[in-house]
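This briefing goes through one protein chain topic by topic, for a reader who has the sequence and the coordinates at hand. Please keep both in view while reading the points below.

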Amino acid sequence: MARGNLSVHPDGLDPDSVDRPVFSATIRPHQSLSRLGFRIVMTGCCLVSLTVSIWCWRMGFWPVAGFFGLDMLAIYAALKVSFRRGRSFEEVMISQIEVFLARVSHRGERREWRFNPLWTKLTQVEDEEYGLQRLTLVSRREHVAVARDASPEERARVAQGLKAALAQVKKGY
């Protein structure tokens, strides 16, 4: 018959905490313009465009007005594409038993990677002038970039959290 505390693992790990995250983060691309900011920028651009177009029309340069309209259409389309791309994100989670990375595109397409935390390491490419340029999870022969759309400062914070979590998980074994 077994004796002692059966809920505690012989190696000291709590079986209930094995799949609890040690580190978890959701990484989203930087959005420099809010919805209100978009409206303000588009209103300002349209007012400037309209003013210059009217002036050019009165001076006899009427084709300029059409080109200003095309410019406004191009700016609107570019900002809308930027907002749509801003809906993408990455989820990173490290537990005692796995490293999980999910990347969801702006179209809703989801791609997932799962690694053993004992065989996973973190590689960094750093530039003296621009900071942390690339952060990669490496496990066996598979390399997956993490925080691709984040700024170098945000990427450095994610790297610090990932390093600490991987070290904590590996220390337990």
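A salt bridge is taken here as a side-chain nitrogen of Lys or Arg within 4 Å of a carboxyl oxygen of Asp or Glu. With that rule applied to this predicted model, E91, E98, R110, E112 and R114 are linked in a network of salt bridges, and the total count is five salt bridges.

**Overall fold**

- The protein chain has three helices and seven strands, and their order along the sequence follows the pattern β-α-α-β-β-β-β-β-β-α.
- Of the 173 residues in the protein chain, 32% count as buried.

**Annotated transmembrane regions**

- An unreviewed UniProt entry lists residues 36-55 and 61-79 under "transmembrane region".
- In the model, the span of residues 36-55 is 100% helix and 0% strand, with its end C-alpha atoms 29 Å apart.
- The span of residues 61-79 is 89% helix and 0% strand, and its end C-alpha atoms lie 28 Å apart.
- T51, which has its place in helix α1, is exposed because its relative accessible area of 55% is above the 50% cut-off.
- The C-alpha atoms of T51 and A65 are separated by 9.7 Å, although these two residues are 14 residues apart along the chain.

**Salt bridges between strands and loops**

- Side chains of opposite charge can pair when their charged atoms come close.
- E90 forms a salt bridge with R103, with the closest N and O atoms 3.4 Å apart; this pair links distant parts of the chain, as E90 belongs to strand β2 (residues 89-95) and R103 to strand β3 (residues 99-104), 13 residues apart.
- Are the two partners of this pair, E90 and R103, buried or exposed? Both E90 and R103 are buried.
- E91 forms a salt bridge with R110, the closest N and O atoms being 3.1 Å apart, and the pair again links distant parts of the chain, with E91 in strand β2 and R110 in strand β4 (residues 110-115), 19 residues apart.
- Both members of that pair are partly exposed, since E91 has a relative accessible area of 27% and R110 has one of 44%, values that fall between the cut-offs of 20% and 50%.
- E98 forms a salt bridge with R114, where the closest N and O atoms are 2.9 Å apart; because E98 lies in the loop between β2 and β3 while R114 lies in strand β4, the pair ties together parts that are 16 residues apart in sequence.

**Surface patches**

- W55, M59 and F61 make a nonpolar surface patch of about 370 Å², and M59 is found in helix α1 (residues 35-59).
- R35, R39, R84 and R87 form a positive surface patch; among them, R35 is found in helix α1 and counts as partly exposed at 49% relative accessibility.
- E126, D127, E128 and E129 form a negative surface patch; one of these residues, D127, is found in strand β5 (residues 120-127) and is partly exposed, with a relative accessible area of 31%.

**Residues with positive phi**

- R140 has a positive phi of about 60° although it is not a glycine, and R140 lies in the loop between β6 (131-139) and β7 (142-146).
- R140 is exposed, because its relative accessible area is 60% and the exposed class begins over 50%.
- A147 is a residue other than glycine with a positive phi, near 55°, and A147 is found in the loop between β7 and α3 (152-171).
- How does A147 count, as buried or exposed? A147 counts as buried because its relative accessibility is 0%, and buried means under 20%.

Definitions and conventions
Residues numbered from 1 in each chain as written. Predicted model: local features only at pLDDT ≥ 70, side-chain atom pairs only at ≥ 80, totals over all residues. Heavy atoms only, no water. Patch = residues over 30% accessible without salt bridge, like charges linked within 9 Å, V, L, I, M, F, W, Y side chains within 5 Å. Areas by Shrake-Rupley, 256 points an atom, 1.4 Å probe, with all protein chains shown as cover. Helix = DSSP H or I, 4+ residues; strand = E, 2+ residues; numbered from the N terminus. UniProt positions renumbered as here; feature names shortened; annotations may be inferred. Buried < 20%, exposed > 50% of the residue type's maximum accessible area, 1.4 Å probe, protein only. Lys, Arg positive; Asp, Glu negative; His and termini not counted. Charge placed at Lys NZ, Arg CZ, Asp CG, Glu CD.
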